[in-house]
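Please open the model in your viewer and keep the selection tool at hand, as this tour moves from one selection to the next.

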Amino acid sequence: MTLKVLTLAVVLALVLLSQTDAAKDYASALAKSILFYDAQRSGKLPGSNPIHWRGDSALNDCVVGGWYDAGDHVKFGLPASAATTVLLWSLNRFRDGYQKAGQLNQMYDSVKWGLEYFLNSWDPVHLEFVAQIGDGNLDHGYWGRPEDMTMDRPCLKINTTSPGSDIAAGTAAALAAGAIAYKTKGDDDYSKTLLTAAESLYAFAKNYRGIFNGSNCCYTSDDDRDEMCEASIWLYRATQNAQYLADARSFVDLTLAWDLSWSSKKPSCQLYLYEETQSDQYKVAIQNFFNNWLPGGTVSYTPCGLAWRSKWGSNREAANVAFLALAAAESGVDSDRLRKWAVEQINFILGDNNHDGGCFSYQIGYGTKYPTHPHHRGASCPDKPAPCGWDNFHSTTPSPQVLVGAIVGGPEVDDSYEDKRDDYVLNEVALDYNAGFQGALAGIVHLQDKNILPTTNNKCPCAS
């Protein structure tokens, strides 16, 4: 072979590499995402805690444990239950992806932290559920380590006279999905514990309908039917009780959904019901959703190809739908098209974009270029005993701690992005920001394991 032909072959190989996924380490990104949830832990941390800059915190909460929502230290019920349900959905659907990535045990350990908190939050005798711990306004007036908090942390409950069926049903969905995951693991006792709590919590939600209105700043819902649908279908999957399937049919909304998020489980319910019934009405509904999201629909796209639904968590929006697309593809819904699109969305987040000269990962700690100023209090604090306060918030230097695994909010619709701690729109991190992203990573590792990873064609491929 001549030198000219050999050089051309090398160039073509590099071009092909830049337009496929060989350069992406999805398993590594998956492992890092689990570490983000470790960094969000509240309560008494285990001896195996891998986050050296985190310690025990909020030990006087009315329910100890759980995850802090975002860069703040409130434990909000709706996003926590939504994120946990998506994480468990990904474990149930793409368990082999977690196993192939060497993260199956770590994933079970991770989701159990959330499930234990939900179990301890539910009192089935007095029909009370702790829906939120912390006051959003008080909490947001503090900048520092969670270990150093001194502000009041009120315990907000839902009960028969102050309902919150959106949060109760959303949590029941997570518990039911957890029951399936732990039954698969072979832990029948824990599975039964989760299922018993899920059924009683769902019955409570069904009997006492009403939207939780106790939060004074954040995560307000306008409907509970999507959570009721989600809970009933996961309970049907866990029990095969036909009444739960009938309930899901009564709660599902077949109109076009805006997105998949902590506030909207409409498209996931459409997919669930198609999977369980094979009915065309549900398939058409979920196909309409994807047709609206993929190129040619109403969702905008950045120059480098991110499906951009909203400036608040643009990466989160795209990653959630990417996970939904991979799940739908497994059920035979436009499989080739949805897989290719989903992988391209995750590729964008992991570096197939043009920010900072290209190859910029919106997941912290992945690759060599990533955000260093996330809107996250704990990460902005130096090691103890150095103090931490608002000066650290305003600092323009990189955060002393690397918040490994978190994805930040993401770019504007024109692909512009500034890595600034005080820009909490573009640089927020949150439980629900990572959930669909992590699920999609598990789905992609599953595709790799089955040797059916699609060839992609990102618009701004990372060539390094």
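Is the crossing of α13 and α14 left-handed or right-handed? Before answering, note that this is a predicted model, in which local features need pLDDT of at least 70 and side-chain atom pairs count only at pLDDT 80 or more, while totals for chains, interfaces and linings use all residues. Residues are numbered from 1 along each chain as its sequence is written, and side-chain values use heavy atoms, with hydrogens and water left out.

Select residues 314-330, helix α13, together with residues 335-350, helix α14; helices here are DSSP runs of H or I with at least four residues, numbered from the N terminus. The two pack at an angle of about 150 degrees with their axes 8 Å apart, the axes being lines fitted to C-alpha atoms over the stretch in contact and the angles running from 0 to 180 degrees between N-to-C directions. That makes α13 roughly antiparallel to α14, a term for angles over 145 degrees. The crossing of α13 and α14 is left-handed, meaning that the near helix is turned anticlockwise from the far one by less than a right angle.

Next, show the side chains in contact (heavy atoms within 4.5 Å), among them A318, A322 and L326 of α13 and L338, W341 and I349 of α14.

Finally, select S268, which is found in helix α11, residues 266-277. S268 is buried, with a relative accessible area of 1%, where buried means under 20% with a 1.4 Å probe and protein chains only. Not counting residues up to four places away in sequence, S268 touches W89, E230, L260 and L324.

Key
Angles under 35 degrees count as roughly parallel, over 145 as roughly antiparallel, 65 to 115 as roughly perpendicular and the rest as oblique. Buried means under 20% relative accessible area, exposed over 50%, partly exposed in between (1.4 Å probe, protein chains only).
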